[in-house]
Amino acid sequence: MKKQTFLKHLRNLTLAASIITSFSACSTTGSMHEDQLTDANIAAIVVGANNIDISAGKIALQRSNNSKIKEFATRMITDHKAVLKSAVDLVTKLGVTPVNNSLVATLSEQSKNNEANLKTLSGRDFDMAYIDHEIAYHKAVIGVIEDMLIPGAHNKQLKDALTGVVPAFKAHLAHSEMVKESL
Amino acid sequence: MLFTKSLIEGKQIMTKLTVSLVLGLLLVLNLTSIYAQDELSSTKSHIILIKGFEFVPNVLEVSVGDTVTWKNKDYVPHSIENTTQLVKPSLSLDEGDTYSVTIKDGFNYKCGLHPSMKGRIIVLDNSEDY
């Protein structure tokens, strides 16, 4: 059931861009039951989700000539690096080592395909594809965090940190929608 | 007889000195009190926290001459910008950084880095002597 919820959110990520190495910091796929997320799996998803948007932002800085896209991409890189650092600091403090599972692998694979698509585009086509991806990505991640990760977190500090990061993703979603309207 | 007269005069002088000292002390205390009241009533300082991608409070009522300070409690940077150019935009505020302005008029503002974050300063009065 949880996997279905996750995949439902991932359907919003068809335009998302990423690289499989987003999850290189995580250990190999765990053997946990598909429906039971561990804090280690949650940590892997958080690390991966932030790396996906950092990676997409770097592609936007390389390929876009639009100042609003570049400004937004810079903001995403800065903010998601800060969120990532905070997450890594917390799991390190908690002694949790991120462990990938099949859900992380699915997210990673979809992101890899979308990033490959972005790299074939340029000009306005790229800008629209990138910002559409950002809107879809942030909607999907907000859904995953609220519906799966927060309810699934066992450690209170991890649960609180996940709750605390939602406003950042919502602000980014609103920002991405403003940028799209301006294009 | 002379000794008694001198004694009485001495007591009168002492009494005058005591009264003068008490009056002087009261005057000093009164002036201090007036000064303190003036200090307290002239301006106030307000703090707006930036946390969870929100300005807290996002609407603040102040008087002209008050000081408003924003303090960033988030681990991502934020900034202060207003559309009417009444206030010079802040630089990027990292966690723990502050930005202060003296209020001359009310204005709407937003985070220059995250434009969905909005706030408002409302001036309740317009002091003539500011």
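## A helical chain A and a sheet in chain B

In chain A, among contacts between residues at least 6 apart in sequence, 87% join residues at least 24 apart. Keep in mind as you explore that this is a predicted model. Chain A has six helices and zero strands, while chain B holds an open sheet of four strands. Let's take the parts in turn.

**Chain A as a whole**

- Of the 183 residues in chain A, 51% are buried.
- The accessible surface of chain A is about 8000 Å², and carbon and sulfur atoms account for 54% of that surface.

**The nonpolar cores**

- The largest nonpolar core has 29 residues, and those with the most contacts inside it are A:Leu37, A:Ile42, A:Ile145, A:Leu149, A:Leu162 and A:Phe169.
- Five elements of chain A give two or more residues to this core: helix H2 (39-63), helix H3 (67-94), helix H4 (102-118), helix H5 (123-152) and helix H6 (156-182).
- H5(A) gives the most, with nine residues.
- Leaving aside residues up to four places away in sequence, A:Leu149 touches A:Leu37, A:Ile42, A:Ile45, A:Val46, A:Val144 and A:Leu162.
- There is also a second, separate core of 26 residues, which includes B:Val62, B:Val101, B:Cys111 and B:Ile121.
- As a general rule, nonpolar side chains tend to be buried together in soluble globular proteins.

**A look at helix H6 of chain A**

- H6(A) has 27 residues and reaches 40 Å from its first C-alpha to its last, close to the 39 Å expected at 1.5 Å a residue.
- Among the buried residues of H6(A) are A:Leu158, A:Leu162, A:Val165, A:Phe169, A:His172 and A:Ser176.
- An α-helix has 3.6 residues a turn, so residues three or four places apart point the same way.
- The buried residues of H6(A) pack against H2, H3 and H5 of chain A.

**The sheet in chain B**

- The strand order in this open sheet of chain B is S2-S1-S4-S6, with mixed pairing.
- Strand S2 (54-56) and strand S6 (98-102) of chain B stand at the edges with a single partner strand each, so one side of each has no neighbour in the sheet.
- From one strand to the next, the twist averages 20 degrees.
- Strand S1 (residues 45-51) of chain B pairs with S2(B) in the antiparallel sense, over three bridges.
- To find a pair of facing residues, look for B:Ile50, which stands opposite B:Phe55 in S2(B).

Technical notes:
Residues are numbered from 1 along each chain as its sequence is written. Chains are lettered from A and ligands numbered from 1 in the order in which they are written. This is a predicted model: local features need pLDDT of at least 70, side-chain atom pairs count only at pLDDT 80 or more; totals for chains, interfaces and linings use all residues. Side-chain values use heavy atoms; hydrogens and water are left out. A nonpolar core is a set of buried Ala, Val, Leu, Ile, Met, Phe, Trp, Tyr and Cys residues joined through side-chain atoms within 4.5 Å. Buried means under 20% relative accessible area, exposed over 50%, partly exposed in between (1.4 Å probe, protein chains only). Contact means heavy atoms within 4.5 Å. Accessible areas come from the Shrake-Rupley method with a 1.4 Å probe; for residues, only the protein chains shown count as cover. Two strands pair if DSSP finds at least two bridges between them. Axes are lines fitted to C-alpha atoms, for helices over the stretch in contact, and angles run from 0 to 180 degrees between N-to-C directions. The expected span of a helix is 1.5 Å times one less than its number of residues.
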